[in-house]
Amino acid sequence: MEGVEEKKKVPAVSETIKKKQRNFAELKIKRLRKKFAQKMVRKARRKLIYDKVKHYHKEYRQTYRTEIGMARMARKASNF
């Protein structure tokens with residue numbers, strides 16, 4: 001057994017494929033981080049828009065209710 005040389009093991013995956021997989025994984029992480037950041041920005045914008053709409057809705061509802069009240073008062077006083 002001393003005369004038999006041990007054969008070198010060939011790796012199951014070549015170095016170039018490992019490098020390609022590692023680069024792909026890094027790019028995927030970067031892409032996911034960017035996507036998450038964009039999602040958070042969109043969420044913040046939607047929240048701002050929702051708050052503005054809520055404010056406008058309150059304002060228009062108040063104006064509408066005031067108009068109705070004024071019309072009722074005018075009818076009651078026969079001034080319409």
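Colleague: In which helix does K58 lie?
Modeller: Bear in mind throughout that we are looking at a predicted model. Within that model, the helix in which K58 lies is α1.

Colleague: Is K58 buried or exposed?
Modeller: A residue is called exposed when its relative accessible area is over 50%. K58 has a relative accessibility of 52%, and it therefore counts as exposed.

Colleague: How far apart are the C-alpha atoms of K58 and A12?
Modeller: Along the chain, K58 and A12 are 46 residues apart.

Colleague: Which residues gather in the patch of positive charge on the surface?
Modeller: Taken as a whole, the patch of positive charge on the surface is formed by K28, R31, K35, K39, R42, K43 and R46.

Colleague: Which relative accessibility does K35 have, and which does R42 have?
Modeller: Exposed means over 50% relative accessible area, buried means under 20%, and partly exposed is in between. By that rule K35 counts as exposed because its relative accessibility is 57%, whereas R42 counts as partly exposed because its value is 44%.

Colleague: Is R75 exposed or partly exposed?
Modeller: R75 lies in helix α1, and its C-alpha atom is 75 Å from that of F24, a residue 51 places away in sequence. Since its relative accessible area is 49%, R75 is partly exposed.

Colleague: Where is K9 found, and what is its relative accessibility?
Modeller: K9 is found in the segment before α1, and its C-alpha atom is separated by 67 Å from that of K52, which is 43 residues away along the chain. K9 counts as exposed, because its relative accessibility is 82%.

Colleague: Which residue just after α1 takes a positive phi, and of about how many degrees?
Modeller: The place to look is just after α1. There the residue with a positive phi is S78, and its angle is about 60 degrees.

Definitions and conventions: Residues numbered from 1 in each chain as written. Predicted model: local features only at pLDDT ≥ 70, side-chain atom pairs only at ≥ 80, totals over all residues. Heavy atoms only, no water. Patch = residues over 30% accessible without salt bridge, like charges linked within 9 Å, V, L, I, M, F, W, Y side chains within 5 Å. Areas by Shrake-Rupley, 256 points an atom, 1.4 Å probe, with all protein chains shown as cover. Salt bridge = Lys/Arg side-chain N within 4 Å of Asp/Glu carboxyl O. Lys, Arg positive; Asp, Glu negative; His and termini not counted. Charge placed at Lys NZ, Arg CZ, Asp CG, Glu CD. Buried < 20%, exposed > 50% of the residue type's maximum accessible area, 1.4 Å probe, protein only. Helix = DSSP H or I, 4+ residues; strand = E, 2+ residues; numbered from the N terminus.
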